[in-house]
Amino acid sequence: MQDYTTDHPFDISLSEEQQMTWDMLRKFAETELRPNARDAENAGKPSEELLQKIKALDLIPLIIPEAYGGLGLQQDSVSNALALEALAYGDMSLAMSVSVPLLVAQIIAEHASEEQKAEFLPEFVNGSMFHIGLGINNATFSTDPYQSSVLAEESGEDIILNGSKMGIAFGEHAKTYLISASDESGACDLYFVSKDQKGVELSKTEYMGLKGMPFSKINLSNCKINASQKLGGHNYSIDFKSLVDSSRIGMSALALGVCQAVLDYVVPYTNERVAFDEPISNRQSVAFMIADMAIETEALRLMVYKSAALKDLNVDFHKQASLTHRFASHHGMKIGTDGVQLLGGHGFTHEHPVELWYRNLRAVGIFEAGAGV
Amino acid sequence: MIHPLLPDQLQKTQETMRMAAEFILRPISRKYDKAEHEPPIEMEQLNQAAAAQKKETGVGEDSVKSMDLTGRNLWAVISLEQMCWGDVGLFLARPGTGLGNAAIMAVGNKDQKAKWGKRWAAMAITEPAAGSDSKNISTTAVLDGDEWVIDGEKIYVTDGDRSDCVVVWATLNKSMGKTAIRSFLVEKGTPGFTVARLEKKLGIRASDTATLIFDNCRIPRENLLGGKEEIETDIDAAKKSFGGAMQTFDNTRPMVAGMAIGLGQAALDMTRALLAEEGYEDKFGGSMHQQTAVQYELEMLEAELEAARLLVYKSAWMMDNKMPNSKEASMGKAKAGRIGNRISLKCVEICSMQGFSEEHLLEKFSRDSKILDIFEGTQQIQQLIVARQVLGKSSSDLK
């Protein structure tokens with residue numbers, strides 16, 4: 001009934017190492033990310049000071065191979081998911097300001113050719129985290145999520161790209177873009193496209209949520225690149241489906257962190273808020289919403305952990321990732337909307353963070369490739 | 001290390017019990033759904049299969065940590081989930097163990113466990129005027145010399161007719177509320193104890209549901225299960241006493257939730273098999289622009305079921321590791337109860353006339369599933385328990 005085999009017992013406790021990382025990142029989320037979430041949203045990006053602190057977490061150098069200045073440590077998917085959950089508890093945009101470049105670094109470290117690694121990896125350690133923009137989100141809504149709204153056409157030594165991508169985080173900071181494109185055979189691969197390449201047009205897009213970081217839209221019209229600009233080299237082919245599935249687990253882990261934040265916020269609020277002479281949480285109509293919120297959040301947590309654990313076993317995790325992502329998208333938004341509802345009119349204003357979480361949670365199920373495990 | 005996956009040993013349990021469900025239960029599913037109140041004679045086979053599997057896995061009588069691969073409660077949830085994939089009603093009707101056995105093991109003393117542990121014990125709590133509000137029962141127990149005298153009426157007693165004995169909840173003094181409630185073991189054949197009638201039901205028809213009458217029924221003094229003969233005046237001790245009785249539910253809720261998971265999976269599997277005959281294929285991970293309405297629906301239901309399953313496994317794992325699991329047991333029961341019901345009803349709808357017809361078992365699953373969101377604590381009782389714990393409230397604050 002399962003297509004995995006393992007001798008390890010069923011377990012839901014954190015290892016000592018996982019607990020240490022969790023405590024550190026959760027504290028960072030509470031003391032650095034949460035208090036700065038509104039400011040970042042108003043400014044449309046994190047402050048330089050905050051970015052330095054995020055960078056100092058060293059999450060990216062950790063996974064960069066030693067040859068390129070990093071520590072070269074292999075991180076397991078469960079630990080990655082835990083880190084994303086912990087950070088998103090502070091703020092989803094700010095968590096993504098590190099999870100997106102981390103995903104780019106992971107992709108390059110795992111799939112790029114030696115020349116590409118040498119060109120792009122060192123800067124993650126000693127330069128900007130945002131020198132490469134990730135273009136995976138499709139601009140057309142009818143495109144299969146495992147395919148691209150950009151088409152790649154081979155012509156001799158060249159590849160011609162046509163189409164648009166949206167939701168490129170920190171796109172204006174980037175010098176190069178890593179764009180997914182589908183070819184005639186239906187294979188979807190990633191391509192490095194330089195900002196100054198002919199046929200590249202960049203514009204800024206704002207969204208209803210995730211406003212704590214800037215986004216770009218990229219339009220490629222007859223953009224001619226060399227075949228060597230394909231990720232991994234001309235003859236390399238990435239398992240794009242697996243990449244999307246991995247990042248769906250990552251997005252679900254981010255959603256989980258936000259759901260937990262909503263739950264932890266509404267509990268004290270409804271316990272203190274008095275109406276009709278008693279705390280509103282004394283009423284079943286309020287209390288049961290919170291019970292369901294707690295149930296679905298815990299369920300989402302276990303779904304995320306299981307998907308990541310399956311990936312760590314190197315078995316097919318497509319179905320589990322799909323179920324988790326679907327669950328996160330549906331229940332994440334339900335928790336987001338209930339969070340605002342429980343605060344009533346107060347929840348609708350900027351006085352409380354629930355309206356911000358509501359907007360951010362809408363990104364789950366829509367936004368692809370915002371985090372990887 | 002976080003690893004919410006089943007080790008090979010437990011996967012083997014799944015496979016074995018699934019085979020037993022498929023070859024022993026499924027062929028007689030419809031027979032006993034139609035022949036309500038007829039004891040299913042084929043069930044001894046299932047007990048043998050379960051016992052053999054238990055021995056093979058090396059699951060002991062005492063709780064063993066899941067860390068040792070053979071946590072007894074996780075093992076139990078996994079095997080009954082598979083048996084209920086076969087048929088929930090028949091699973092409940094298998095001779096030998098009832099909910100009363102869980103109570104004996106949870107609160108009984110050593111002598112009581114030795115004497116009644118292996119007998120088939122039903123559990124009698126509900127009364128015509130007291131259901132979820134179990135502290136409000138009216139059946140009385142009065143100590144008279146060396147005997148307790150039990151008087152009252154109990155309803156909806158699963159296995160009430162076929163079991164060897166019944167664990168009966170009664171009050172020592174109704175005006176004292178929950179502090180005066182105790183459980184007693186009454187053996188079949190005790191004068192004054194009669195089975196008044198059997199219910200005709202929406203589902204789980206293979207399982208007998210009885211009304212029991214206790215009229216001046218005298219039982220030995222040592223048949224008081226757990227708890228003291230006197231009513232505690234100290235409030236904390238009193239709370240602990242009733243809490244002790246309620247603790248049984250922390251152990252049984254993961255089991256009942258497991259039943260709902262097995263049933264939900266059965267409905268999904270059968271639906272897919274029927275749809276496949278007309279060319280259906282799953283499309284997991286597709287966007288709503290690619291998926292058909294049915295692909296979208298089945299993916300969501302599968303996700304909900306998997307979520308419920310993991311909550312239930314976690315609550316059983318906690319039991320195996322001696323962690324307090326009251327909140328988690330209720331979370332799992334709430335989620336599994338409602339999802340099992342939703343899935344089975346939706347599957348009938350998806351399979352249209354075939355789903356609604358008695359040619360297949362989908363309609364039966366949808367009738368059987370309803371009780372799983374009611375007994376062992378209704379959906380609403382589970383939500384109350386979870387809400388009180390999450391919000392830090394007492395039962396007088398959050399009624």
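Predicted model: local features only at pLDDT ≥ 70, side-chain atom pairs only at ≥ 80, totals over all residues.
Local features need pLDDT of at least 70, side-chain atom pairs count only at pLDDT 80 or more, and totals for chains, interfaces and linings use all residues. Residues are numbered from 1 along each chain as its sequence is written, with chains lettered from A and ligands numbered from 1 in the order in which they are written.

**View 1. The contact between chain A and chain B.** Chain A contributes 45 residues and chain B 43 residues, two residues being in contact if their C-beta atoms, placed from the backbone, lie within 7 Å. On the side of chain A, helices H8 (240-272), H9 (284-312) and H10 (318-343) each supply at least two residues; helices are DSSP runs of H or I with at least four residues, and strands are runs of E with at least two, numbered from the N terminus. H9(A) gives the largest share, 14 residues.

**View 2. Helix H12 (residues 354-361) of chain A.** Six of the eight residues of this helix are buried, meaning that 20 or more other C-beta atoms, placed from the backbone, lie within 10 Å of their own. Among them are Trp357(A) and Tyr358(A). The buried residues of H12(A) pack against H2 (37-43), H6 (92-111), H8, H10 and H11 (345-348) of chain A.

**View 3. Contact of H9(B) with H12(B).** Residues contributed by H9(B) include Ser326(B) and Arg338(B), and those from H12(B) include Gln379(B) and Gln389(B).

Conventions:
Buried ≥ 20, exposed ≤ 12 C-beta atoms within 10 Å, placed from the backbone.
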